[in-house]
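Subject: Structure for your review

Dear colleague,

Please find the structure below, together with its sequence. I would be grateful if you could read the notes that follow alongside it.

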Amino acid sequence: MSVDADRLSTVRALLRLGPFVRPALPRLIAGMVAGLVAALVALAIPQVLQVLVDSALQDGDAAAVLPSTLLIVGLGILEALAILVRRWLVLTPNTHVEADMRNALYAHLQALPVAFHDRWPSGQLLSRAVHDLNLIRRWLAFGLVLLVVNSVTVVVGAVLLFGIDPLLGAVFLLSAIPIWLVAIRFERRYSTAARRSQDQAGDLATAVEESVHGIRVLKAFGRGSHALRKFEAQAEELRGTEMEKARAVAFIWRWLTLIPDGTLALCLTVGVILAAQGQLTAGALVAFFATATVLRFPLESIGFLLSFTLDARNATDRFFEVIDEPVLIRDPERPATLERPQGRLEFRDVHFRYPDAPEQLPDLLDGIDLVIEPGETMALVGLTGSGKSTLTALPTRLYEVTGERCCSTAWTCVSCASRRCGATSRWHSRTRPSSPTRCARTCCSAARIAARSRCGRRSRSPRPGSSTTSPRASTRSSARRASASPAVSGSASRSPAQWPRSRPCSCSTTRCRRSTWRRRSSSRRRCATCCPRPPRSSSPTVRPPSSSRIVSPCSSRAASPRSDGTPTCSRPTSTTAS
Amino acid sequence: MSTAVAGVSGEERDDLSRAESRTVRKRSQRLLLELLRPRRRQIALTLVVVIIATGLQVAGPALIALGVDRGVPALADGDWLPLALAGAGFLLTSLAGAALIGWFRVLQARIAQAVLFDLRQRVFSQTQRLSMDFHESYTSGRIIARQTSDLDSIRELLDEGIGNLVSGAFYTLFTAIALILVDAPSGLVLACALIPLWFLVRWFQTRSQRLFRQTRVASARLIVQFVETMTGIRAVKAFRKEDRNREKFGGLVEDYRGANAKVFRLFGTFDPGLVLIGNLTVAGALLVGGLRVAAGQLAIGALLAVLLYIRRFFDPLEELAMFYNGYQSASAALEKISGVLEERPTVADPARPVDLRRARGAVRFEGVEFGYRSGGVILPRFDLELPAGQTVALVGSTGAGKSTLAKLLSRFYDPTAGAVRLDGIDLRELHPKDLRRAIVMVTQEAYLFSGTVADNIALGRPDATREDIVRAAKAVGAHAFIEDLPHGYDTDVNKRGGRVSAGQRQLLSFARAFLADPTVLILDEATASLDIPSERAVQEALQTLLADRTAVIIAHRLSTVAIADRVLVMDKGRIVEDGTPEELIGGTGRFASLHQAWRDSLV
């Protein structure tokens, strides 16, 4: 059937359901068998009629009517029983399949990193968890079973029709060809429209979500009608697509009504001619039409079942779209346990970039070295967008370190969390997720990393003084500082090479330092600010054993050469700052 | 009687009394009629088309009977006419029937889509119209569910259900009529079959009603848990709630599964029951008809037609039962939607609005008192006058009532007593357009809508040119970071590379307000996420921006307060200090001590 080059065929795509369906498979197959029995019994009834009409009724033998009727009653009960068995066999295991898939999806979604959730609106996930899985279950219970049962029924019925009369059977069978052609054409038309309508419905749902979540903004500016107009335009688009779908459905209905009825008309003509010539008995004619009527539903249902199958395939694709998403932040296989966490948190040459960051931008966190000693309170200070919240999201493993330089040894603390502490890591280190914005409230209020994971024990011992930190601020935010900080000029040109890689930190660190010094009046607090502060960067001994500090991820690509273990804030060669 | 279920109250209840559910049902029927009335003609045309189409489809077996009974003997005599009539008639009816059926499907979809569009639009604009107290009590998840999953169940019914119901109902009706026309005694057999059929359907209806409701309740719970997890994924991960969540969700999934399984079991009994009754009816008709054929009272072809008709009579019944499922969830959905539509905004638009072309910006709170509906006074009675052009800072601890006061001024809420006046006009009488043009509030949560950065700023004034937008962005110091985004002002905030931090969001929402250029500007902790340089830039902008307009600033940073002409200190809903910053700093009150603490932190 019509398949894009890079898409799996419908069968292969649906086969991916295998692992989930396997437990239900025996009963599913048993259900199919029961369905087949029902279909065959239904086909047997016309044959009884043929015998009855030919043997008894033509001769006016009323006595033969009762036994035949009883036989049909028996067959009728058998058919109903077989359908009952089919239904009851199929229904429970299928609900289990659906439940398993739903639980698997949920568990997987919980395991997926926050970066994934940033990309996917919850509405899209919800429609997969509810609507798509419902559809798959219905398809397994009815679509798949009936597709198999009806196909077999059509074949068996065709054989029976051939048995009644080869010519009539051939005429009837020929009608299957246009039905197939129509079905294929329908599939092409319908599936593209269906996929598009699913997407548009998703967009519409997003618009609804935004109008509710952003209600305060819309109200404050009185933009309700503005949002409504936008929404109407989207709804109008969806309506257009839905009408396209409806026209495709009308197309198949038209043909699926015309072809079987037209065939019957043709068969009637042929049958009557044959009967008039004496080549066909009245009973055979009756049996033929009765059988054809039984076959009518299976034949007609093919189109519907095909579009059902396509819908199920789309739903399966959408389900696996999420399931295939790799869980990059895994709990370790053999998690280490921190018996008595002391809270030494170490970042070593940590790199991080958001997966959707444009190529030309350097890493948001570009080689961070930082040690936070047990009990130390660190304030993280920096410009808007410089990566403060991102840095605090790393110890809790809401995001995972990226970049080739963050090999496991270079990244001790969080690698400790990722490789050994595992599940416990989040117990020990915890950000307050609801208030990542607070860290910027004042220069001196800290983004508290209340980290307690003790990582130093089994990691390589940290080099002394590798603490001075300067995650490179995202340059896009630093350019904005041109007005505030006179040192940054010429940042208007934005080719990557010319980006101001290093410049004086323009945040008000002096004030921080003063305040911290003053309030604690001891060396237990210090301002580990970045560049270029010669006294600090040249002094390897500044770091007190335990302190509360202010670390400022500011606008420089700092702390790159650490071969001597000295905290430096050197400027990279490409610097444009004075 | 009706008040208990008015609006959205009673939506979550399972135990509606008879009278209450009748009220709710009537309400949703009224809505349905309202939706259908403008499309009366279309509906009539559709009905005519479907009646003719099913009528033509039903002709088939009668024509077969004609062919078999008349055609065979006539043809044996060399008379082709009966056969030609039957054959051509059959072909023509199937052609016309097919064409009409196709047309019917398109017509039906057109009506369905128009109704859906109408309903979507109504709920959306109602959502926008309803006041904040509604939004704060009726969770966002529920209002979203009304517009998504509930509309979906209505869509399913309109898409498939109604069409199948109408065509199915006419099909059975016409089949029964045709049966009686072909052979009246067989009609009696069918009539006998209707008795057990009626009982079966009755039983199914009563059972399914309860079971479907259980399914819906279970699925609603499931959805809530799912959405809560996904929207709060950060908290889930930070607090390692995954396992507990999984357990909880697993339980809900199992409930839903159980409820569904019960429904399927019901169908699993109902459907074979239908087949059984159908088959027994066929047998009965065969017995009656066969005896009469043997006695020569009935032609064989007629017997065939009888059997075909009876079989076809039962064909659509299964679908009709399926319709019942869709109908129930759709009508439950419609009941809920009609509840939302019935809600009246507590902050209503005035019936006869007063126009205010150019506000000066003098604000007066006259004997204003405020408390939430749930009880408890938040702001006891107070009077307050803000002369035009004054910049007022509201200071006070969390929960002191600062934001509430701001919400009254921006008319997110109406006071429970007294009045808030702008230039002497009660806000409740002001035209909403003028109100929103004159008074704009910027809140701490800076929400960005999908679309470009420019779109988001332009929300402040939709007809703004690009130059206006850039000027606004420059004024609040957002220009530089926007320029650094991959596509500058055309960067999609939800797409690749469009990530903006909380502080940058606030700058954007600030630019929005700048662009809106209101007479009265309320900043509710609007600078909370800004870093110091940004805030300074904003404050510089503020000083020019606020020069000739009234402003109310809620801030925890005293630096912001410094630009104010006047400071109000609030505590437990009361204004406890009122004066210029200098006066208050010089005094011995709360503000003086606050200021001292702040100064200490600076040195």
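The notes below describe what was found.

This is a predicted model, in which local features need pLDDT of at least 70 and side-chain atom pairs count only at pLDDT 80 or more, while totals for chains, interfaces and linings use all residues. Residues are numbered from 1 along each chain as its sequence is written, and chains are lettered from A, with ligands numbered from 1, in the order in which they are written.

Chain B comprises domain 1 (23-342) and domain 2 (363-602), with bounds taken from an automatic or database domain assignment. Over C-alpha atoms, the centres of these two domains of chain B are separated by 55 Å.

An unreviewed UniProt entry annotates residues 43-68, 80-104, 162-182, 188-204, 266-287 and 293-310 of chain B as "transmembrane region"; such annotations may be inferred rather than shown by experiment, and their positions are given in the numbering used here. Residues 162-182 of chain B are 100% helix and 0% strand, with end C-alpha atoms 30 Å apart. Residues 188-204 of chain B are likewise 100% helix and 0% strand, and there the end C-alpha atoms lie 25 Å apart. Helices (H or I, at least four residues) and strands (E, at least two) are DSSP runs, numbered from the N terminus.

Helix H1 (residues 18-36) of chain B has 19 residues and spans 27 Å from first to last C-alpha, close to the 27 Å expected at 1.5 Å times one less than the number of residues. In H1(B), B:Val24, B:Arg27 and B:Ser28 are buried (20 or more other C-beta atoms within 10 Å of the residue's own; exposed means 12 or fewer, partly exposed in between, with C-beta atoms placed from the backbone). They lie on the same side of H1(B) because they cover an arc of only 85° around the axis, taken from the directions from the helix axis to the C-beta atoms. On the other side of H1(B), the exposed residues are B:Arg18, B:Ala19, B:Lys26, B:Arg30 and B:Leu33.

The contact between the chains takes 132 residues from chain B and 134 residues from chain A, two residues being in contact if their C-beta atoms, placed from the backbone, lie within 7 Å. Helix H8 (residues 242-294) of chain B supplies the largest share of the chain B side, 28 residues.

In chain A, A:Pro93 lies in helix H4 (residues 65-111) and counts as buried because it has 20 C-beta neighbours inside 10 Å. Leaving aside residues up to four places away in sequence, A:Pro93 touches A:Pro23, A:Ala24, A:Arg27 and A:Leu28.

With kind regards
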